[in-house]
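Please consult the sequence and the three-dimensional view while reading.

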Amino acid sequence: MSIITTVTPEQKAFFEENGFLALGPITTPEELAWLRSVYDRIFAQRAGRDEGMQFDLGGSDEEGKEAALPQILSPHKYAPELNEGEFVKNALSIGRALIGDTASGGIGHAIFKPAGIGAATPWHQDEAYWDPTLQYNSVSLWMPLQEATVENGCLWFVPGSHKWDIKTHRPIGGDVRVHGLELHEPDQDELTRLAVPCPLEPGGVTVHYNRTLHYAGPNTSGIPRRALILGASLPTQPYPGHRRFPWNEIKQTPRAERERQAAERRRTSRETPAT
Ligand code: NI
């Protein structure tokens, strides 16, 4: 089988027009089998939990409550060997082909949708999570470690939405304890009419811009849906003009609290002289 390492001029033109692209595998079945074992290990170890890097993206993230949408930020911190994978090189090469040779990037996060109970990822634009004082030109590459289907939670995109401004978001369900964001009062019927599902082969990728509106359904299948998300980004610029993302300012998540406490522990251990 041939591995995808770049895009054709037609694919690039489609991406620029529509704001998303679906491609075939960027890695081998052998690497995918290895990736699944690393992925399952770090989720089982609850890697990063104590420092707020592993949490329930879609829920209130209380201790002892089963997460319906577990996420690990920067999973390569807990499994550095992930950075050695072919898929990292190929994802970055595709990102550069789409937005420019000077783009930098790598693995961003891992989102797991457990079989049967994995929750939907509501409609959002990735930029809504970020610093509103900066202007972005970036892409996300979303790679499932098994087949991605409508039943197990493949991504859906609204064509052309990368040209929209940032819409009003809120924490999922309006609950300030939840890290995940969703469009505020989306017109579900309208979005369903406009959106395009992108099922993928194992190791395939979808690519989307920082403003492309996207969604993933719940996992109603009998198999876990594992996905790794990589990013490629041109240097940010100051945002021209003033804007705020109040939906991030109101969040009070257990994740952020664990991150704060971990930083506090690091600070204290530096200040305590060794005995
Ligand atoms: Ni997203």
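## Helix α3

In helix α3, the residues F87, V88, N90, A91, L92, I94, G95, L98 and I99 are buried, where buried means under 20% relative accessible area, exposed over 50%, and partly exposed in between (1.4 Å probe, protein chains only). Helices (H or I, at least four residues) and strands (E, at least two) are DSSP runs, numbered from the N terminus. The model is predicted: local features need pLDDT of at least 70 and side-chain atom pairs count only at pLDDT 80 or more, while totals for chains, interfaces and linings use all residues. Residues are numbered from 1 along each chain as its sequence is written, and side-chain values use heavy atoms, with hydrogens and water left out.

Helix α3 covers residues 86-99, and at 1.5 Å a residue its 14 residues should span 20 Å, which agrees with the 20 Å between its end C-alpha atoms. The expected span is 1.5 Å times one less than the number of residues. Just after α3, G100 takes a positive phi of about 140°. N90, found in helix α3, counts as buried because its relative accessibility is 8%. Apart from its neighbours within four places in sequence, N90 is in contact (heavy atoms within 4.5 Å) with I3, I4, T5 and I26.

## The seven-stranded sheet

Seven strands form an open sheet in the order β1-β12-β7-β14-β4-β3-β2, with antiparallel pairing; two strands pair if DSSP finds at least two bridges between them. β1 (20-23) and β2 (54-56) stand at the edges with a single partner strand each, so one side of each has no neighbour in the sheet. From one strand to the next, the twist averages 20°. Strand β3 (residues 70-73) runs antiparallel to β2, and three bridges join the two. Within this pairing, D56 stands opposite P70 in β3.

Two helices pack on this sheet. Helix α1 (residues 9-18) touches β1, β7 (138-144) and β12 (205-209), and its direction makes about 145° with that of β1. Helix α2 (residues 29-44) touches β2, β3, β4 (104-113), β7 and β14 (225-233), and its direction makes about 100° with that of β14. For these angles, axes are lines fitted to C-alpha atoms, for helices over the stretch in contact, and angles run from 0 to 180 degrees between N-to-C directions.

## The four-stranded sheet

A further open sheet has four strands in the order β5-β13-β8-β11, with antiparallel pairing. Its edge strands, β5 and β11 (196-198), each pair on one side only. Strand β8 (residues 155-157) and β11 pair in the antiparallel sense over three bridges, and F157 stands opposite V196 in β11.

## The nickel site

Which residues coordinate the nickel ion? They are H124 (NE2), D126 (OD) and H214 (NE2), at 2.1 Å. Donors are N, O and S atoms within 2.8 Å of the metal (3.2 Å for Na, K and Ca); water is not among the atoms, so sites may look incomplete. Along the chain, the donors follow the spacing H-x1-D-x87-H. H124 lies in strand β5 (residues 121-124) and H214 in strand β13 (residues 214-216), 90 residues apart, so this pair links distant parts of the chain. H124 counts as buried at 7% relative accessibility, and H214 is buried with a relative accessible area of 4%.
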